[in-house]
Amino acid sequence: MSKVHNNKAWWLVLPVFLLVAFSAIVPMMTVVNYSVQDIFDQSSRYFVGVDWYRQVLQDPRLHDSLLRQFIYSACVLLIEIPLGIAIALTMPTKGRWTSLCLIVMAIPLLIPWNVVGTIWQIFGRADIGLLGWSLNQLGVSYNYASNTRDAWVTVLVMDVWHWTSLVALLCYSGLRAIPDVYYQAARIDRASAWAVFRHIQLPKLKSVLLIAVMLRFMDSFMIYTEPFVLTGGGPGNATTFLSQTLTQMAVGQFDLGPAAAFSLVYFLIILLVSWLFYTAMTHDDKTR
Amino acid sequence: MDWMAWTLPTALFFAAIALLLAGMTMWELHSPGAERKGFLPIDTTRGDRLFIGLLGSAYLHLLVVGVTDWSVWIASLLSLLWLFAVMRWG
């Protein structure tokens, strides 16, 4: 029996396409237009070619922000992914504690970014914050407002506190989807807990982990609100990430042309990484 | 459309992208393609190769503009060659 192809179904995609065009494609085209002009307002704009791109790509401030951003995202992934897996493995699978555990894990995800920043800003303060005051009382010199290392640690711990739950819940759902026959076979073979993790759980979690890594990478790479509220990008520029540099350029200095060029470079980085993850995921599905 | 601050080069750029997508759609409807393996390390369809070609071209432009003081036309020329190579042998 031959397969019937009905391309009329593509018309059903039209509303989504129009919505995306209105909210993403048209604004992005405008950004492209801005990126090649020295623009003050609609009546005074001058074509400058790729000058803004050249300026932005050779700007040490962007290089520093980009480096910080990659280090930050790498740290986030290196901490949150193993920790999320470990938490998921230790979460109860049945009984009344399961629901309680899931609710507790979901709570940080429900808190808005600026509230998280404010919580940690107060929590970490050396004079009135429980964390900052306690550490200083224990003899550990800690001040996220003046010490670069402390600022970085605080921003990272804050992200881990906020988002590890997401990784844990994703992994938990992945672990629950593994059929019991695999564990039965492992018990017959007297496999150790490590062997079960290495040869059953981890391979079965691969797709879920790819999604978790992609979500956490994209989100951490675009982080703005939490460090802005917590440290304001300081001390100095120590925790100024790409979004904040872009905002300073576009809103603070009103350099619309360079900011547009910068945001397109930023977009291309995110697009490349997202495509790599997407390719890895679809390749994984095809090889099954 | 004044608020979009159009310029002739960006209008031509987007028109070229739109024509490319329309052309690819017509080509696919006329003679549907299949996945194949070329010099790229993954199996790709025509659409995949176009995307890789365009993304590579964007990075090629950034590389030339950011690292060298060559004219941007050299980047565009290299991008055309890259796009052709990916579509033909990718």
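Predicted model: local features only at pLDDT ≥ 70, side-chain atom pairs only at ≥ 80, totals over all residues.
How are α3(A) and α7(A) oriented to each other?

1. Start in chain A, with helix α3 (residues 60-90) and helix α7 (residues 148-176). Their axes cross at roughly 45° and come within 7 Å. α3(A) and α7(A) are therefore oblique to each other, and the crossing of α3(A) past α7(A) is right-handed.

2. To find this contact in the viewer, look along α3(A) for residues including C75(A), V76(A), I79(A), L83(A), I87(A) and A88(A). On the α7(A) side, the partners include L156(A), V160(A), W163(A), V167(A), C171(A) and Y172(A). Sorted by class, the contact has 16 nonpolar, two polar and two charged residues. E80(A) of α3(A) and D159(A) of α7(A) are also among the residues that meet here.

3. Now move to chain B, where helix α2 (residues 46-67) packs with helix α3 (residues 72-89) at an angle of about 155°. The axes of these two helices are 9 Å apart. An angle over 145° counts as roughly antiparallel, so that is how α2(B) runs relative to α3(B). Here, too, the crossing is right-handed.

4. Which residues make the contact in chain B? From α2(B) they include R49(B), I52(B), G53(B), G56(B), L60(B) and V64(B). From α3(B), look for residues including I74(B), A75(B), L78(B), W82(B), L83(B) and M87(B). By class, 13 residues of this contact are nonpolar, five are polar and one is charged.

Note on methods
Residues numbered from 1 in each chain as written. Chains lettered and ligands numbered in written order. Axes fitted to C-alpha atoms, helices over the stretch in contact; angles between N-to-C directions. Helix = DSSP H or I, 4+ residues; strand = E, 2+ residues; numbered from the N terminus. Parallel < 35°, antiparallel > 145°, perpendicular 65-115°, else oblique. Left-handed = near helix turned anticlockwise from the far one by under 90°. Contact = placed C-beta atoms within 7 Å. Nonpolar A, V, L, I, M, F, W, Y, C, P; charged D, E, K, R; others polar.
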